[in-house]
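The following explanation is intended to be read alongside the sequence and the coordinates. Please keep both in view while following the paragraphs.

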Amino acid sequence: MRACVPLGDQGALCYFATEEEALRFAKEVRGLSLEWVIDVVSSYFTVAVFCDAFDFEELSHRLRQIEGEQTVPASLGRRYVIPCCYERGLDLDRVAAFTCQSRDDVIKLHQQTEYVVYAIGFCPGFPYLGYLPPELVGVPRLDSPRFRVEAGSVGLTGKQTGIYTLPRPGGWNIIGQTPLELVNIADAYFPLKPGDLVCFRRIDDKEFDRLKGERL
Amino acid sequence: MTLRVIEPGLYTLVVDRGRPHTRGLGVSVGGAADFASFALGNALVGNPPDTAALEITLAGPKLQSDCPLACVVFGAPFELFGSQQGRLKAGTTFTLQAGETLSIGSTPRRARAYFCVRGGIPEQIILGSRTSFEPICAGQEWPCASGRLRGRFVPLFEDDEPMFRTLPGAQVDWFRLDDFYDQCFVVTPASNRMGIRLQGQSLRLAPPLREWPELDSEPVCPGTIQVTRDGQCVILGVDGQTIGGYAKIAHVIRADLDRIGQLRPGDRISFRPVDLQRAREAWSDRQARLQEMMTRLRLGGGSENC
């Protein structure tokens, strides 16, 4: 790791040179189920390890030791194919105009890329997927966020794409919608994990209706 | 034997300790915003400290039970009125009579209190916690344990000190720190359990920075103070996001987090830097003091004032 700094007095924030190293370290720490670790949260190049009363020097030392003795292979997680109906993309024209691509090319580019889940956040289970192909990078957020983005909406902004797992206010450009349920809080159903791989498969309205409500 | 919501109040939530172990799923910690008040309220009615209760914010609910209930409203000094007993006192236990309606009004200071019932509120357990994801609504009901209790009380756990102690955040170098430590901030009405939005003089970037650097989202936690692009500060609350892309200038230390849960619009606050050693001492002192009060209550302490 490149650095390890205190996260207030609640844990440590570890910085890595690559997203893959961060993902691997998070998986390793989680896998050890250490009784002094309350929680592990990873996001892009950083991993937070939360723990109760601690001495930071000792914590930092232990975390570096864990990194040195890593047993988890540097492989990525599970591979998912998520059906996406691009006809439901409310902002497809805006994205096309911004990137100087046709609607069809935006769709083609979006679904021919394999993405990594680099973080889960914003709302329960929301996967941050990276990175978009260069042609689709750089579309800013909407000037004013929508009050409600429907669950399953697939959005993009900057260099990433993501899926609204629950209805929320949101400012990403919506380019499609998946009919699948990706989160069910009451059932503790959270299939996507950091490090998983995600592809999108284009479906039409009919298939959308047929798959509506099924789980990933 | 049922507790029923007649009116839900401004934002009333079933809470317990929350979900500190599932942040990796993007689920906030949640739970009681002022844990000490929640735990002491529970101790007063004879519950274990983590028993689910109703968290009341600024304007309380109207509740009714069809059996006698042993209860207390502990935290902010809310006005209480029982349809059979008249005025009741926040912070002192009482028996809500069968068929009596309890009206919890507003509070002149602080923001939150906990309505604790002996036996607890049996909300569904999700991801290890009974903290609800949505506020309560009119007509909602829970089965409750019948109970009676004479009046006893303990003083509030802490004063409303307007100063919060902080540790440096990962991007502390981005800012001119005199801007941050030498001013009073005002809590704005846009504050809630997700975050306390502060209004103050915009923080300036520290030389040699001239533009805001890009930042990939990083994990954050309750107490993290983020600075938005307009130079204003947000203190993340217990329902705050698990990761964030704004710069972290500081973190409020754990010993001062409960007081964040009691901030209300218009309050004026300031920050003071401490080191990790101080933060650790403050936390263990606080834990010891809370533990001692709880033990005393368990052994039948507290003052009776029937």
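The structure is a predicted model. Chain B contains four helices and 22 strands. Its C-alpha trace extends over about 70 × 35 × 35 Å along the principal axes. Among contacts in chain B with a separation of 6 or more, 77% involve residues 24 or more positions apart.

In chain A, attention may be given to a pair of helices. Two packed helices are described by the angle between their axes and the distance between the axes. The axes of helix α3 (residues 92-99) and helix α4 (residues 103-111) of chain A come within 9 Å and cross at roughly 90 degrees. Angles of 65 to 115 degrees count as roughly perpendicular, and α3(A) and α4(A) are therefore roughly perpendicular to each other. On the α3(A) side, the contact is formed by A:Leu92, A:Asp93, A:Val95, A:Ala96 and A:Thr99, and on the α4(A) side by A:Arg103, A:Val106 and A:Ile107. Classified by residue type, this contact of α3(A) with α4(A) comprises five nonpolar, one polar and two charged residues.

Strand β5 (residues 79-84) of chain A includes A:Pro83. Because buried means under 20% relative accessible area, A:Pro83, at 4%, is buried. Beyond its neighbours within four places in sequence, A:Pro83 contacts several residues, among them A:Gln177, A:Leu180, A:Ile203 and A:Leu211. The C-alpha atom of A:Pro83 is 5.9 Å from that of A:Arg202, although the two residues are 119 residues apart along the chain.

The backbone geometry remains to be considered. Most residues other than glycine have a negative phi, and most peptide bonds are trans. The peptide bond from A:Gly130 to A:Tyr131 is cis, with omega near -15 degrees; A:Tyr131 occupies the loop between β7 (127-130) and β8 (146-149) of chain A. In chain B, B:Pro207 and B:Pro208 are joined by a cis peptide bond with omega about 5 degrees, and B:Pro208 belongs to the loop between β15 (195-199) and β16 (218-219). B:Leu58 has a positive phi, near 60 degrees; this residue is in the loop between β3 (53-57) and β4 (62-65) of chain B and is partly exposed, with a relative accessible area of 25%.

Definitions and conventions
Residues numbered from 1 in each chain as written. Chains lettered and ligands numbered in written order. Predicted model: local features only at pLDDT ≥ 70, side-chain atom pairs only at ≥ 80, totals over all residues. Heavy atoms only, no water. Axes fitted to C-alpha atoms, helices over the stretch in contact; angles between N-to-C directions. Helix = DSSP H or I, 4+ residues; strand = E, 2+ residues; numbered from the N terminus. Parallel < 35°, antiparallel > 145°, perpendicular 65-115°, else oblique. Contact = heavy atoms within 4.5 Å. Nonpolar A, V, L, I, M, F, W, Y, C, P; charged D, E, K, R; others polar. Buried < 20%, exposed > 50% of the residue type's maximum accessible area, 1.4 Å probe, protein only.
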